[in-house]
Amino acid sequence: MASVIETAIRSVVTKGIYGVAAFNRWRLPEAPHPFLTGIHRPMREELTLHDLPVTGTIPAGLQGRYLRIGPNPAEPDASAGYHWFVGDGMVHGVALKDGAAPWYRNRWIRSNQVAEALGKAPAPGPRHNGFDTVNTNVVRIAGRDWAIVEAGSYPVELDETFDTQVFNPFDGTLQGSFTAHPHLDPLTGEHHAVTYEGADPNVVRHVVIGPDGRVTRELPIPVQHGPSIHDCAITARYAIVLDLPVTFSMRALIGGHRFPYAWNPDHRARVGLLPRNGGADDIIWCDVEPCYVFHVANAYDDADGKVVMDVCAHETMFAGEPGGPNGRNLGLERWTIDPIAKSVSRRTFDPAPQEFPRPDERRFGQPYRYAYTLALPDEGDDAQFIGATMLYKHDLETGTRAVHDFGAGRYPGEFVFVPAQADAAEDEGWLVGLVVDLPGETTDLAILNARDFAGPPVASVRLPHRVPPGFHGNWIADL
Ligand SMILES: [Fe+2]
């Protein structure tokens, strides 16, 4: 009933609510915000830099661009009600070619708010329900580059320079919102996603995009309370829906908080196994002990009909102070989902706090052996989330973990695996990501040999400024 009431309230008196929210936001303190200060202090310029200094030898096979996006408010002094997840998006790119780094660029995603702040024209194209902040991932789909976000905005198509940006619902084929985590099934060429609507707490959707970049399926799935579903997974048989107890919070919205989602102990925690071509009634819902998951490393069908899914889990999320992620990180877990018993058993692989898991994505949805993650600080409620200096490589077959430590004052973000060549073995390739040197206020694009994980980077590209920690990045190989 609560969600029905919320829907009614939101549809009938939305303007009134936003008026109250704006008033309450005005009453919130403009105190220094942990996600707008220190390592997170936003950049104030759009740069184009050429011929960047390289240390070591960039592998000859790395021809392309590393793209990374994150929040970077154009007006960072407006901190009241701010949340890390809602900052204006800024995309960064580093090109690698013939062993050199010919350019770096950063550009804001030109939402209406950013355009107003910068005095520039907003990116053209349709907006969805008024949402157009895009800050969470940048991916290649059907040979085109897209900046994406969950819960509202349509994707933004980018050209190589980021100077041409267009809000584009996959050439008019996407009706609802999108997600920051579509996943390519390398066996079919489809992308699968689970999306939710900030403006509708009663539905999420399973979205499939065909190899031609057009949406072929947008299946509505009834839910309660408006769950925030950040990621999904696939196996050969199923798309997996993470319906966990972080849900829309009218209290947070009215209170002036810009990210109105909170831990909700009244929400049933469940994992849905949706047959990939099935309807909403075909979903097998499996109860799970309440927790929250932003990111899945991978999932696959096992030989006896169960589903194996590896995740980075949090004991709770958004239960404490608003402003950013909080709650105790439980490390890397293996979930075994039993569609007959409709149950989920959880086993800890590694209790060390960690996030941003990535596999060799040629194995996505299939049995796999290696997962790469970012260490998080040990403190359960770390105010800035980022702050450990290490990456982990998990061998899930042997249960062992290798560590790469960038050293004091050097803070990595998410790293992505890039195969050495198309037919390379799993784990035969490179790990690529950004590392902030906080004392030096510089950033390196670091390249690790995945098979010499603890060894020094094979190459580093030096950026002469600090790139604030963001969310996700990907390697876009030249065609
Ligand atoms: Fe994410």
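Select β26 (residues 390-395) and β27: six bridges join these strands, which run antiparallel. Strands here are DSSP runs of E, at least two residues long, numbered from the N terminus, and two strands pair if DSSP finds at least two bridges between them. This is a predicted model, in which local features need pLDDT of at least 70, side-chain atom pairs count only at pLDDT 80 or more, and totals for chains, interfaces and linings use all residues. Residues are numbered from 1 along each chain as its sequence is written, and side-chain values use heavy atoms, with hydrogens and water left out.

Within this pairing, pick M390, whose bridge partner in β27 is D405. Then widen the selection to the open sheet of four strands, in the order β24-β25-β26-β27 with antiparallel pairing. At its edges stand β24 (354-359) and β27 (400-405); each has a single partner strand, so one side of each is left without a neighbour in the sheet. From one strand to the next the twist averages 25°, taken between axes that are lines fitted to C-alpha atoms, with angles from 0 to 180 degrees between N-to-C directions.

Next, select the open sheet β6-β7-β8-β9, where four strands also pair in the antiparallel sense. Its edge strands are β6 (137-141) and β9 (165-167), each with a single partner strand, so one side of each lacks a neighbour in the sheet. The twist averages 30° from one strand to the next. Inside this sheet, β7 (residues 144-148) and β8 (residues 156-158) are antiparallel and share three bridges. A147 has V156 in β8 as its bridge partner.

Now go to the iron ion. Which residues coordinate the iron ion? They are H181, H230, H295 and H472, each through NE2, at 2.0 to 2.1 Å. Donors are N, O and S atoms within 2.8 Å of the metal (3.2 Å for Na, K and Ca); water is not among the atoms, so sites may look incomplete. The angles subtended by the four donor atoms run from 91 to 160°, which makes the arrangement irregular.

Along the sequence the donor residues follow the spacing H-x48-H-x64-H-x176-H. H181 is in the loop between β9 and β10 (183-184) and H472 in the loop between β32 (459-463) and β33 (473-477), so the pair ties together parts that are 291 residues apart in sequence. H181 is buried (under 20% relative accessible area; exposed is over 50%, partly exposed in between, with a 1.4 Å probe and protein chains only), at 7%. H472 is buried as well, at 2%.

Turn to the aromatic rings: the whole structure holds 18 aromatic pairs. Rings of Phe, Tyr and Trp (its six-membered ring) pair if their centres lie within 6.5 Å; planes under 30 degrees apart count as stacked, over 60 as edge-to-face and the rest as tilted. Y196 and Y261 are edge-to-face, 5.8 Å centre to centre with 80° between the planes. Y196 belongs to β11 (residues 191-197) and Y261 to β17 (residues 261-263), 65 residues apart. Both rings also belong to a cluster linked by ring pairs, with W84 and F294 among its members.

How values were computed
Four donors count as tetrahedral if all angles lie between 85 and 135 degrees; four count as square planar and six as octahedral if opposite donors are over 155 degrees apart and all others between 65 and 115; anything else is irregular.
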